[in-house]
Amino acid sequence: MILYDFACAGGHTFESWFASSAAYDRMVEKQAVLCPVCGSTQVKKSLSVPKIAKKRDACGVRDERDSSSVSARDASSDATPGGVPDLRSEHDVRLREAMGMVRRVIEEKCDYVGQGFAEEARKIHYGEVEPRPVYGEASPQECDSLREEGIEFASLPWLVENA
């Protein structure tokens, strides 16, 4: 695994893990590296602080006097006792960022119809109102009914902001 730091055209900075530098190259070629804040595909690798292990004495004990070569990531709370990043935590952070970005786009581009989602989706589907993107809440039973009628929609997890 390899960790790269990035900056997007919008000035946001972030980092991402890749299986290898070749995997990174393939994703950049496909424009699949996205800023988790704004979704921009115009990203560039930025300078990364190398992670350099502390010196050890002959017995394998770290020399705590030499801390100048240790990156800030060494002190990360996302690290396991052996100093290896906990990828599940990193994955969770990235997933929450992506879900937050999806939520912001939906809120910006769609009309909120609240508890009347199923009814409004039907009106749009049957041509009773002008088609437009909407979002809101629907019970599991309402979702089942919409599916049975062939009305296309997606159920998404809706994380509370700053949770």
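Me: What makes D111, E120 and R132 a network?

Reply: Happy to start there: salt bridges link D111, E120 and R132 to one another in a network. Keep in mind that this is a predicted model.

Me: How do you know that R132 and E120 form a salt bridge?

Reply: The criterion asks for a side-chain nitrogen of Lys or Arg within 4 Å of a carboxyl oxygen of Asp or Glu. The closest N and O atoms of R132 and E120 are 2.9 Å apart, so the pair qualifies as a salt bridge. This pair links distant parts of the chain, with E120 in helix α3 and R132 in the loop between α3 (117-125) and β5 (134-136), 12 residues apart.

Me: Why is E120 called buried, and why is R132 called partly exposed?

Reply: Buried means under 20% relative accessible area, and partly exposed lies between that and 50%. E120 has 13% relative accessibility, so E120 counts as buried. R132 has a relative accessible area of 30%, so R132 is partly exposed.

Me: What makes E149 and R122 a salt bridge, and which parts does the pair tie together?

Reply: The closest N and O atoms of E149 and R122 are 2.7 Å apart, which is within 4 Å, so the pair is a salt bridge. E149 lies in the segment after α4 and R122 in helix α3, so parts that are 27 residues apart in sequence are tied together. As for cover, E149 is partly exposed because its relative accessibility is 30%, and R122 is partly exposed because its value is 23%.

Me: Why are R103 and E107 said to be separated by about one helical turn?

Reply: Both belong to helix α2 (residues 87-109) and are four residues apart, so about one helical turn separates them. R103 and E107 also form a salt bridge, with the closest N and O atoms 2.9 Å apart. R103 counts as buried because its relative accessibility is 16%, while E107, at 34%, counts as partly exposed.

Me: How many salt bridges does the structure hold?

Reply: The structure holds eight salt bridges.

Me: What makes the nonpolar surface patch, and why is W158 called partly exposed?

Reply: V102, L156 and W158 make this nonpolar patch of about 270 Å². W158 is found in the segment after α4 (140-148). Its relative accessibility is 36%, so W158 counts as partly exposed.

Me: Which residues of strand β2 are on its covered face, and which are on the uncovered one?

Reply: In strand β2 (residues 13-18), F14, S16 and F18 make the covered face, while T13, E15 and W17 make the uncovered one.

Me: Why is Q31 called exposed, and what is its phi?

Reply: Exposed means over 50% relative accessible area. Q31 has 52%, so Q31 is exposed. Phi of Q31 is near 55°, a positive value in a residue other than glycine. Q31 sits in the loop between α1 (21-29) and β3 (43-45).

Methods: Residues numbered from 1 in each chain as written. Predicted model: local features only at pLDDT ≥ 70, side-chain atom pairs only at ≥ 80, totals over all residues. Heavy atoms only, no water. Patch = residues over 30% accessible without salt bridge, like charges linked within 9 Å, V, L, I, M, F, W, Y side chains within 5 Å. Areas by Shrake-Rupley, 256 points an atom, 1.4 Å probe, with all protein chains shown as cover. Helix = DSSP H or I, 4+ residues; strand = E, 2+ residues; numbered from the N terminus. Buried < 20%, exposed > 50% of the residue type's maximum accessible area, 1.4 Å probe, protein only.
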